[in-house]
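Hi,

Here is the structure I said I would pass on. Have a look at it first, and then read my notes below.

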Amino acid sequence: MTTTAEKTNLLGMPKAKLEAFFETLGEKRFRATQMLQWMHQRGVDDFDQMTNVSKSLREKLKQVAVIRGPEVIYDETSKDGTRKWVMRMDNGNSVETVLIPDGERGTLCVSSQIGCTLDCTFCSTGKRGFNRNLTAAEIIGQVWVARKAFMPFEPGPDRPITNVVMMGMGEPLMNFDNVVDAMSLMMDDLAYGISKRRVTLSTSGVVPAIDRLSEVTDVSLAISLHAPNDELRNQLVPLNKKYPIAELLAATKRYFSRLPEKRKATIEYTVIENMNDKPEHARELARLLRDVPCKINLIPFNPFPESDFRRPSMNATRRFQTILSEAGYVVTIRTPRGDDIDAACGQLVGQVEDRTRRSQRYINVQQVNA
């Protein structure tokens, strides 16, 4: 008998893969449409509840397939309404997923890796090291779990999740295929039906993957820049040593030039006291981005135990914003949300069995400094 672990998890399959799966069972391709709607529009994970599927097919599916989302081991709501889930994946590891409500808008921040392959100095996730990429089922499973938390589970204008950002734990472009499959489900009208303008992939700058991304999707793109020059960005985002700013911005422009309509990149800039928050940094950033169609999102640094960085004053952040605004940019300041439950940007840690030993190195350094 096939065990649960050996069965095919249908949750992460976009339509084309589901159609191929049903063909291997000798079934018609339209079964994929039925399955997508049952799983993602009605939240059903029990084949016996699928009333428009024949009993013989239901029995066949129970032998070879499963619909299984992540296990929720923590569910907490911040005083500002931000909600965080910790979801256990296979092998005991866990990731964090955050829903940020804002009026009629609800933005879900989704993880793509257990830990992170990168080690950006201002991000708590990177300090935990890296275990593995999430499967497509584990990525879309975070959306599925969050949606199931709000009943009834039905499509419509009042749905609680209106936007998704691939901005949780991990670098999405280091898990390319699984992230693309999951985003396809997010945008599929048979699943979640979220607009391509409201599904955003945030990357630290994996240049070849940005070019590859433009060949398979047209989701919105956010660039984690955080510095106006290579010398400073090398310190904050080590990946910059491989793909410097000029190459990253060139790839960003190529991505948007291939889209059928005019859209802009979001430039994410974490503002850190006495590191990258000076007026000269703002002026340099304005010059750097003059040929890049973009809007700028300033993110005041969110502290975490392993970092000596500090959040800048609001006056310093607003001064930074004013310089960029006067240069002609649309600039927003992201209000810290959920920091009382460690759900703010850069604070997600989950539980990572670190294969890189990076986390132990940070612990050793802390012990030496203490």
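Predicted model: local features only at pLDDT ≥ 70, side-chain atom pairs only at ≥ 80, totals over all residues.

Between domain 1 and domain 2 the count comes to one salt bridge. There are also six residue pairs in polar contact across this interface, both partners being at pLDDT 80 or more.

Which elements give two or more residues to the side of domain 1 that touches domain 2? They are helix H1 (15–24) and helix H2 (31–41). H2 gives the most, with six residues. By type, the residues on that side of domain 1 divide into five nonpolar, seven polar and four charged.

How much do the two domains share? In terms of contacts, 16 residues of domain 1 touch 17 residues of domain 2. The size of an interface is often given as the accessible area lost when the parts come together. Here the area buried between domain 1 and domain 2 is about 1,400 Å², and carbon and sulfur atoms give 61% of that. On the domain 1 side, Leu11, His40 and Gln41 are the ones to look at: they supply 42% of the area that domain 1 buries against domain 2, more than any other three residues.

Now the whole chain. The protein has 12 helices and 14 strands, and its C-alpha atoms fill a box of roughly 70 × 50 × 40 Å along the principal axes. The radius of gyration is 21 Å, which agrees with the value near 21 Å for a compact globule of 370 residues.

Cheers

Terms used. Residues numbered from 1 in each chain as written. Heavy atoms only, no water. Contact = heavy atoms within 4.5 Å. Buried area = accessible area lost by both parts, 1.4 Å probe. Salt bridge = Lys/Arg side-chain N within 4 Å of Asp/Glu carboxyl O. Polar contact = N/O pair within 3.5 Å; in protein donor to acceptor, adjacent residues only side chain to side chain. Helix = DSSP H or I, 4+ residues; strand = E, 2+ residues; numbered from the N terminus. Nonpolar A, V, L, I, M, F, W, Y, C, P; charged D, E, K, R; others polar. Rg over C-alpha atoms; globule rule 2.2 N^0.38 Å.
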